[in-house]
Amino acid sequence: MRVVAVANQKGGAGKSTTVMNLAAVTAEHSKVLVVDVDPQKSVTTWAETADALPEGKQLPFDVVSETDPTMLKQMRDLDYDTIFVDTPGNLDNSEVLKAVVDNSDFVLLPSEPAALAMLPLINTYNTIVQPSGLNYRVLVTQVDSRSISDATEAQETLREYGLEVLKSYVRSYKIHERAPMTGNVATTYEASRNAEKAAGDYKDVARELLSIWVKENKG
Ligand SMILES: Nc1ncnc2c1ncn2[C@@H]1O[C@H](COP(=O)(O)OP(=O)(O)O)[C@@H](O)[C@H]1O
Ligand SMILES: [Mg+2]
């Protein structure tokens, strides 16, 4: 069982989108639970929308809302391989975020490639991730697919700040943007070229994370 906190104190960083899509692709070969610690309950609402969809379009993982992060301790006894935790995106909730990280094994930090997004990300790293001593990676998301160099430049800048950054990144697609309203995730999108690319991005992220975790287990 591995508990993965998805965090960034900046709202709109791509946390909830990352939690739902990584959960979907990870659930293709293991048992996955999403824990929604955000009082705004965006992924809980997303899952409720999905529950109303016909069979075959149902989410391939479970979602629970739990605003008490210490409950993550008890959840370790449940029969899941991976728990992804969606966290609130503002500084008021830093105590909650600290408690989530205290009960996690790994932190994934999604961030937009924009320079303005980097300060809140670095702040989250310095105040919450670094003191925890947990292994972590930054994931660059919402990359304009017409301007992929934005991704590589952002990755480079973040590495210059001393941060560990995933090689894979997530591009922006309308299908991701509409997903919370339609109740879909990467694995249930209606087939199209863009749906395939959107899902492919998160499959690459999942693969890279798995290889990091395999090395952790050996170490
Ligand atoms: N890869 C993406 N492509 C398109 N839209 C995205 C993508 N990732 C996030 N978004 C959109 O950006 C906004 C913020 O994303 P969200 O996942 O809710 O961030 P957070 O949970 O960090 O606040 C949402 O409207 C979401 O649909
Ligand atoms: Mg969110």
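**Helix H8 and the chain around it**

Hi everyone, let me start with helix H8, where Ala195, Ala198, Ala199, Asp201, Tyr202, Val205, Ala206, Glu208, Leu209, Ile212 and Trp213 are buried. Please keep in mind that this is a predicted model.

In H8, you can look at Val205, Leu209 and Ile212, which are among the buried residues.

So what covers the buried residues of H8? The cover includes strands E1 (2–6), E5 (106–111) and E6 (135–140), along with helices H1 (15–26) and H7 (174–182). H8 itself runs over residues 193–218, 26 residues in total. From its first C-alpha to its last it reaches 38 Å, close to the 38 Å expected at 1.5 Å a residue.

Now let's step back to the whole chain. You will find eight helices and six strands, and along the sequence they follow the pattern β-α-β-α-β-α-β-α-β-α-β-α-α-α. The C-alpha trace spans about 45 × 45 × 40 Å along its principal axes. A compact globule of 219 residues would have a radius of gyration near 17 Å, and the chain agrees with that, because its own value is 16 Å.

How much of the chain is buried? Of its 219 residues, 49% count as buried. As for contacts between residues at least 6 apart in sequence, 82% join residues at least 24 apart.

Last, the charges: there are 22 positive and 31 negative side chains, with the centres of the two sets 5 Å apart.

Key: Residues numbered from 1 in each chain as written. Chains lettered and ligands numbered in written order. Predicted model: local features only at pLDDT ≥ 70, side-chain atom pairs only at ≥ 80, totals over all residues. Heavy atoms only, no water. Helix = DSSP H or I, 4+ residues; strand = E, 2+ residues; numbered from the N terminus. Rg over C-alpha atoms; globule rule 2.2 N^0.38 Å. Buried < 20%, exposed > 50% of the residue type's maximum accessible area, 1.4 Å probe, protein only. Contact = heavy atoms within 4.5 Å. Lys, Arg positive; Asp, Glu negative; His and termini not counted. Charge placed at Lys NZ, Arg CZ, Asp CG, Glu CD. Expected span 1.5 Å × (residues − 1).
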